[in-house]
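Please keep the model open alongside.

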Amino acid sequence: MGRIVRYQFLGSDLFFWLLCMTIVGIPIAVLYLINSTVAIEEDLPNPTEFLEQFRAGKFRR
């Protein structure tokens, strides 16, 4: 069994970009990005086949 790890941002895109628009908000935006991103680990029987299908555009969510 192989494992695929993907990262997903669960925060507000609008709030993140509003923070990025100000010079003072950029460090806060970086912290918000780090804290709002989660790692999702999935066990797959054949991760190589999954990656080939994903790169070929045959993967559907």
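This is a predicted model: local features need pLDDT of at least 70, side-chain atom pairs count only at pLDDT 80 or more; totals for chains, interfaces and linings use all residues.

Residues are numbered from 1 along each chain as its sequence is written, and side-chain values use heavy atoms, with hydrogens and water left out.

Q: How many salt bridges does a search of the whole structure find?
A: Side chains of opposite charge can pair when their charged atoms come close. The rule here asks for a side-chain nitrogen of Lys or Arg within 4 Å of a carboxyl oxygen of Asp or Glu. Searching the whole structure gives three.

Q: How many residues apart in sequence are the parts that Glu41 and Arg3 tie together?
A: The side chains of Glu41 and Arg3 form a salt bridge at 3.0 Å, N to O. Glu41 sits in strand 2 (residues 37–44) and Arg3 in strand 1 (residues 2–9), so the pair joins parts whose separation in sequence is 38 residues. Strands are DSSP runs of E with at least two residues, helices are runs of H or I with at least four, and both are numbered from the N terminus.

Q: Which residues are linked with Arg3 in a network of salt bridges?
A: Arg3 also meets Asp43 in a salt bridge, at 3.1 Å from N to O. Asp43 belongs to strand 2 and Arg3 to strand 1, so this pair ties together parts 40 residues apart in sequence. The network links Arg3 with Glu41 and Asp43.

Q: Is Arg3 buried or exposed?
A: Buried means under 20% relative accessible area, exposed over 50%, and partly exposed in between (1.4 Å probe, protein chains only). Asp43, at 45%, is partly exposed. Arg3 has 52% relative accessibility, so Arg3 counts as exposed.

Q: What is the distance between the closest N and O atoms of Glu42 and Arg6?
A: Glu42 counts as partly exposed at 32% relative accessibility. Arg6 is also partly exposed, at 35%. In their salt bridge, the closest N and O atoms are apart by 2.9 Å.

Q: Are the rings of Phe15 and Tyr32 stacked or edge-to-face?
A: Rings of Phe, Tyr and Trp (its six-membered ring) pair if their centres lie within 6.5 Å; planes under 30 degrees apart are stacked, over 60 edge-to-face and the rest tilted. By this rule there are five aromatic pairs. For Phe15 and Tyr32, the centres are 5.1 Å apart and the planes at 85°, so the pair is edge-to-face.

Q: Which residues do ring pairs link into a cluster?
A: Phe15 is partly exposed at 41%, and Tyr32 is partly exposed at 21%. Ring pairs join these two into a cluster with others. The members are Phe9, Phe15, Phe16, Trp17 and Tyr32.

Q: Which residues does Leu33 touch, not counting those up to four places away in sequence?
A: Leu33 lies in helix 2. Leu33 is partly exposed, with 34% relative accessible area. Contact means heavy atoms within 4.5 Å. With residues up to four places away in sequence not counted, Leu33 touches Phe9 and Phe16.

Q: How far apart in space are Leu33 and Arg55, C-alpha to C-alpha?
A: In sequence, Leu33 and Arg55 are 22 residues apart. In space, C-alpha to C-alpha, the distance is 27 Å.

Q: Is Ile34 buried or exposed?
A: Ile34 is found in helix 2 (residues 25–35). Its relative accessibility is 55%, so Ile34 counts as exposed.
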